[in-house]
Structure formats: C-alpha cells, structure tokens
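Hello,

Here is the structure I promised to pass on to you. Have a look at it first, and then read my notes below.

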Amino acid sequence: MQSVIIFFIINLFFCLWNPTYKNTQARVVYWTCCVSAILLIGLRGNIDNDYATYVDMFSSDHILVEPTFLIIRFLVRDIIGGGIAGLMLIYAAISVTIRFIAIKRYSPFIFLSVIIWIGNLMILQDMTQIRAAVASSIMLLATGAHYERKPVPYFSLTLIATMFHVSALLMIPLWLFTSKKINKWLWTGIIATGYILALKGIYLTSLLSLLPFEYIQTKLLTYSIETTDDGGANILGLFQITRIGLFMLLLWNAQRIQSHNRYTILLLKIMACGLVALPLFRNNIVLGLRITELLTSVDILLYPMVIYLFPIRSIGKFIIICYSAAIMYGRLFLEGLLK
C-alpha cells in the first residue's frame, strides 16, 4: 500500500507540471512511469484481495475462465516453469502498456489522466481484477476506431478484449453511439430515470437472463450470490454522486469542450452508460459494479477536460487531483482493496 501512495505522490508533481506529450522530457518521464507501474503491479506480491484466488486459478486445471488466461498460464507455468509472479507481470505489462498508449493518443493532459488511473483503476483493476484491467484498457484503445467509424479494427479489438474478460461484450452495443452531437436533456434524463427506477425497485438484471450463452448465465448465477446488507449497490454513495456531478458539468459544456478534444461526446455517452448501470443493476451488486467499472474507465480520458472550463487552469488541475486522491483514499482505506 505504501508503494502505491508514494507512486501517487510522485505523479502528483508531474500533474502540477502538466506538459503535453509533445514535450521531449515529458515523454521520457511518461514512459518511465509506465515501466515503473508495470514493475510495481506485476511484482506486488500478495497485497490485494484477489491474489489468493489467482494463485488457485494458476495451479488448477479445472476452471471456467477466459482463453487468454489459459494461454498466459500455459506459457508461464508449463513452458517457462515460472510462478504466479510471472503471470501477474505479463498481465500488468499488457494492461498498463495499452492504457498508457491510449492516454497519450486521446488525452491532452497525460499526467492528469495517469493520476486518475492510479487513484482508481490501478488499484481496483490492474492490481486486483487483472483480466478486467486488460479488457478496459483495450476498450480505451478502441476510442479512435470508434470515433472514426472503422468497424474492422473496432470489432477486432472488441474480440480481443472479450478473450480477456467477458464484460468487454459491452463494447458491441457501444458501437451504436455517434460522436457528432449529444442531447444534454436526453442523457440527463437517462441517468435520472435510472435512479427513479432503482428507487422504485425496478431493475434490468432480468433481461440478461434471456441471453443464450451458458458462460454468461454461469457468471450471472455467480454474481447473484453476492449482495450488500440492504440488497444492492450503494447508488447514493459519495463517489458515485461526485462522478455524476463532474459528468453533468462536462455534459452541459460539451460543445465548448468538443472544440478542444474531438472525442468528448463519444466519451460522455460511454460514461453516462457506466453511471446509469449501477442503479439499473443495483439488485446484483457484482454485475452492476462490473458494468460500471468497465464503462466508467473512460474517466481517465474524459475528466481531465474539466481544465477547459476554467480560465485559470490550476483550478481544473486542483479538482482532478482532489478527485483522484479521494478515490484512492476510498479504495485503500474504506474498501481495503490493498493490504
């Protein structure tokens, strides 16, 4: 845990510097951070809640899991003769490298994107849900193909992401989103409607039971076992409400931001789906969180755009840094994701 906090603080200074990727020194520092993160994550040892589970999966030959895990495990365990650390290092190298490529392609504020990732997804996915981490990083990489409406590269990346985690199937309906314009009232209404339905006890979970895929049905059965004391996810938690607040700020200034970053509208639509998924699937907390965590991973590209809304950019940087620090505090000390 201490190493994650130190890594966060180091990157905090790079956020205050806030250069673009065109800066030569920034590129050196950026990729040094990438390599450092891979080593930190891959060689972390048993400090996360899922590590013991992956140790069991690494040794067991009778598990229901995505094919890429079996391939990586075969290479590490059976070909090289390595241990669990080798598997973790390979997953970290894949997910972190892809995510850093996506950030430098689509975010003009590379270190602000990195600091959001460290506070949230690095702890939640790259150090815990390692298969989902690769899937979400590939989804981010597909942003360009999605925006440019290139179906072959987009659905090729979708297939690859699904081979790492089945949740990446959500990338298929995301293709329907266009990047030209966004109806602010419609998307505000969608999130509001999701909350109204959830508060009335109406959910969409039952619709997924109609999908004719045995693997998905098995996952749904597994997920349905885990619930909170009140029977569902905390849809009114501070983290969720803060994310919705930042989303609304960006949504209602979408045209203004779009002139700076052409991916704004597309990212807003994906983020909205992630935010509304939590209330719509509230009665199945694990399923709701899996959908939300995948789709809201675009926050590392979207939320740094808050900077464009303030004439004094340090205000925007301060908001993003506070947002990231608050998430990290929650992940580490409230949820206890790392030891």
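Over the ring of which residue does the charged end of Arg27 sit? The ring belongs to Tyr21, and the charged end of Arg27 is 5.9 Å from its centre. A charge sits over a ring if NZ of Lys or CZ of Arg is within 6 Å of the ring centre and within 35 degrees of the ring normal.

Before you read on, please note that this is a predicted model, in which local features need pLDDT of at least 70 and side-chain atom pairs count only at pLDDT 80 or more, while totals for chains, interfaces and linings use all residues. Residues are numbered from 1 along each chain as its sequence is written, and side-chain values use heavy atoms, with hydrogens and water left out.

Now to the aromatic rings. The whole structure holds 21 aromatic pairs (ring centres of Phe, Tyr or the six-membered ring of Trp within 6.5 Å; planes under 30 degrees apart are stacked, over 60 edge-to-face, the rest tilted). One of them is Tyr30 with Trp31, an edge-to-face pair with 5.2 Å centre to centre and 80° between the planes. Tyr30 is buried, with a relative accessible area of 0%, whereas Trp31 is partly exposed at 26% (buried means under 20% relative accessible area, exposed over 50%, partly exposed in between, with a 1.4 Å probe and protein chains only). Tyr147 and Tyr263 are also edge-to-face, because their centres are 5.1 Å apart and their planes are at 70°. Tyr147 lies in helix α9 and Tyr263 in the loop between α16 (254-258) and α17 (264-280), so this pair ties together parts 116 residues apart in sequence (helices are DSSP runs of H or I with at least four residues, strands runs of E with at least two, numbered from the N terminus). Tyr21, Tyr30 and Trp31 also belong to one aromatic cluster, with Phe14, Trp17, Phe100, Phe111 and Trp117.

Arg149 is in the loop between α9 (143-147) and α10 (151-164), and its phi is near 55°, a positive value in a residue other than glycine. Most residues other than glycine have a negative phi.

Last, find Gly194 in helix α12 (residues 184-199). Gly194 is buried, at 3% relative accessibility, and touches Val276, Pro279 and Leu280, leaving aside residues up to four places away in sequence (contact means heavy atoms within 4.5 Å).

Enjoy exploring!
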